[in-house]
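Take a look at the model below. This report covers its aromatic rings, its charges over rings and one of its helices.

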Amino acid sequence: MAPTLLAPPLLAITLLAPLVAIAACLATRHPRVAEAANLIAAILVFAAVLGLVRASAGATQRYLSGYILLDALGAWGLLCVACVYLLGSLYAIGYMRIMGEEDRLHRFYALYAGFAFTTLSGPLMNNVGVYWIAIELTTLISTFLVCFELGRESIEAAWKYIVVVSAGISLALLGTILFYWAGSLVLGPTYDMTWEALRDVAPRMDPALATTAFLLVAVGFGTKVGLAPMHTWLPDAHSEGPTPVSVMLSGALLNTAMIGIARYLQISDAAHIGRIPRAVVVALGAFSLFVAALFIVRQRGIKRLLAYSSIEHMGVLALGFGFGGPLGIAGALYHMLNHALNKSLMFFGAGNAMRVWRSKRIAAIRDVPRRLPVSGWLWLAGAVAITGAPPFGLFLSEIVILRAGLASPDAWAAYAMVALLIVIFIGFLNHFRAMFFDSPANEDAAEDAAAADRAAATPDAHGFPTLWCTAPMWLALVPLLAMGLWWPDFFSHLFDLASRQLAAGGAP
């Protein structure tokens, strides 16, 4: 009984802590108070979510008249968001202080806490319509964070982000309405549109209507996830926003939207409409890997390189959920957490490098170990990990997803996944080989390197990166290595529970 009794106060802390931080930021307008309030909220959220993950290991729990759902899948999504929110809040203190935006920092942290609140709300929403609202709110708040630096490129990226994603989310809304309509033909004009209600009524839905509705929500939420070919907003938004924002976009937001696709797959399975829904998700995942491979090999910008890496890993997640079964679900959930930690580490390293070299161009960043003797090597370790190489966690999760794929009707996608991951491995690490071990290739690059040396000697760059910008990299790398060497039994129990809860019949 203890986990169930503890869940309500832990849920309250998870959702209220960011809201209190927003109020503190806007009330004081002091940058140091704002960063402290946001960090305290992140710590409280992380501690509360750890308790919620433990509480979710039992039966599914519902609160607030059924609007709040706490199950294994939702709690795991909360854990991914909480990890990234805490790491990003730590890094932001060191990174944002040198931006010269002291007068606007309270707004940044208010928006950052608001972004965390919306991404934490999504996995907990039991009403399908309210879940859609939570996802749409993430778009509205994060748009202001993407363009926080107010440069021409960042404003353009923010406009592209809100236009493309809002178009996709509109399709998801249409699909949600069609699902409600299909259910109303059986249950009557009004009913509680919860995930469970849709799953229970799905076998009696009109197959054509259910198939059309799923295709719309898959494309709609797939746009938010960044699956190709709906990915066009992602490289710009991730590369133009401040580094702490890029971390939240990649490690938290994408996972929150992916949870919606996983839940709708359960409804489509219950509707008995054949292999079309899973085949579509698998095809989107494989195509995302293909697009990521093409752009990673030829990429010139460091943050855009990481953005296309996010598209790659969302494709892997789509394959895991699309393959389904206990192995597919377990691999996808494990990959979700590993990617959240790993991509945080990678963006932290990129943020440090961009500040030292004063450039986003890969060709301008050379001899990294000399200028970043600690965080540089951490960044390189993260680069090896993000390609799925052993002994890090992503290697283990990708192996599990491959095993699920080989046993599924879509085994072709597993073979395509292997081939494309090899291409990405070579292309991605080739960029890091050049940044770490090559000399400037031409006069322009040599001038960039000389400018970076001069910039490193200026007063505002003195002592950068600070402990605030290095410690989060350690905090991300150590769990990545541990999870590559050891799969905790508690995780296996949680993944098995999530798999049963996502089955067509649900779980007790």
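## Ground rules

Buried means under 20% relative accessible area, exposed means over 50%, and partly exposed lies in between (1.4 Å probe, protein chains only). By that rule Tyr308 is buried, with a relative accessible area of 4%.

This is a predicted model: local features need pLDDT of at least 70, side-chain atom pairs count only at pLDDT 80 or more, and totals for chains, interfaces and linings use all residues. Residues are numbered from 1 along each chain as its sequence is written, and side-chain values use heavy atoms, leaving out hydrogens and water.

## Aromatic pairs

Rings of Phe, Tyr and Trp (its six-membered ring) pair if their centres lie within 6.5 Å; planes under 30 degrees apart are stacked, over 60 edge-to-face, and the rest tilted. A search of the whole structure finds 29 aromatic pairs. One of them is Phe295 with Tyr308, a stacked pair at 4.6 Å centre to centre and 0° between the planes. Phe295 belongs to helix α11 (residues 276–297) and Tyr308 to helix α12 (residues 302–323), 13 residues apart. Helices (H or I, at least four residues) and strands (E, at least two) are DSSP runs, numbered from the N terminus. Phe295 is partly exposed, at 39% relative accessible area.

Why is the pair of Trp379 and Phe436 tilted? The ring centres of Trp379 and Phe436 are 6.2 Å apart and their planes meet at 45°, so the pair counts as tilted. Trp379 sits in helix α15 (residues 375–386) and Phe436 in helix α17 (residues 411–437), 57 residues apart. Trp379 is buried at 0% relative accessibility. Phe436 is buried too, at 2%. Ring pairs join Trp377, Trp379, Phe428, Phe432, Phe436 and Phe437 into a cluster.

## Charges over rings

A charge sits over a ring if NZ of Lys or CZ of Arg is within 6 Å of the ring centre and within 35 degrees of the ring normal. The charged end of Arg104 sits over the ring of Phe148, 4.1 Å from its centre. Arg355 lies over the face of Tyr95, 4.8 Å from the ring centre.

## Helix α20

The expected span of a helix is 1.5 Å times one less than its number of residues. Helix α20 (residues 489–501) has 13 residues, so it should span 18 Å; its end C-alpha atoms are 18 Å apart, which agrees.

The buried residues of α20 include Phe491, Leu494 and Phe495. Against which helices do the buried residues of α20 pack? They pack against α2 (31–55), α3 (72–96), α10 (243–270), α13 (325–357) and α19 (467–485).

Note on methods. Contact means heavy atoms within 4.5 Å.
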